[in-house]
Amino acid sequence: MTMTKTEMQEHCRRYYQKKKENKICPLCKKPVNGGHVHCDICRVKSAQQSKRRRITLKSIGLCVSCRGPKKDSRIRCNDCRRKHREKGKAKTKALKAEIIKEYGGCCVCCSEQEPFLLTIDHVKNDGAKHRKEMKDQGGGNFYRWLRKKNYPKDRYQLLCFSCNNGRYL
């Protein structure tokens with residue numbers, strides 16, 4: 001019996017989900033720590049294999065995503081670069097929505113709710129110092145940092161751009 005691509009993907013998803021729930025690595029059958037699918041050793045091996053594969057594909061002039069031909073020295077062809085960029089933008093947009101929700105969903109000063117206008121403000125005006133500590137990782141990296149730190153409310157608040165800029169006039 002042959003499976004369609006969708007059926008195969010669903011089968012693999014269920015297989016890995018079951019292994020993750022049982023906390024057993026599907027490759028070596030050893031116990032898994034944390035919420036990972038693979039054990040630490042297999043994750044390292046997989047990362048090394050991926051790196052070798054990317055280097056090989058790049059050296060022979062193939063896209064690392066679709067393995068099709070590419071025209072320049074980049075690692076992805078134009079179609080895959082566009083898709084990769086769109087996927088990254090969508091992830092960052094979803095993460096920003098999550099951050100906005102965690103910080104109350106509106107500007108603490110004027111109650112503006114338009115996500116495009118909302119931004120995270122450093123309550124103690126130590127944003128420059130903090131960006132220097134983080135090596136100026138803004139946008140998605142900052143949002144991921146906030147999530148990792150469990151959304152600290154003592155140092156950060158949600159302001160719209162107008163109220164944020166108005167603080168310094």
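This report looks at aromatic residues in a predicted model.

## Basis of the model

Local features need pLDDT of at least 70 and side-chain atom pairs count only at pLDDT 80 or more, while totals for chains, interfaces and linings use all residues. Residues are numbered from 1 along each chain as its sequence is written, and side-chain values use heavy atoms, with hydrogens and water left out.

## Y103 and Y151

Let's start with the rings. The structure holds four aromatic pairs (rings of Phe, Tyr and Trp, the last by its six-membered ring, with centres within 6.5 Å; planes under 30 degrees apart count as stacked, over 60 as edge-to-face and the rest as tilted). One of them is edge-to-face because the rings of Y103 and Y151 have centres 6.4 Å apart and planes at 80 degrees. This pair links distant parts of the chain, 48 residues apart: Y103 lies in the loop between α3 (78–102) and β1 (118–122), and Y151 in the loop between α5 (140–148) and β2 (156–160). Helices (H or I, at least four residues) and strands (E, at least two) are DSSP runs, numbered from the N terminus.

Y103 and Y151 are both buried (under 20% relative accessible area, with exposed over 50% and partly exposed in between; 1.4 Å probe, protein chains only). Y103 also has the charged end of K153 over its ring, 4.9 Å from the centre (NZ of Lys or CZ of Arg within 6 Å of the ring centre and within 35 degrees of the ring normal).

## The aromatic cluster

F142, W145 and Y156 form one aromatic cluster. F142 is buried at 11% relative accessibility, and Y156 is buried at 2%.
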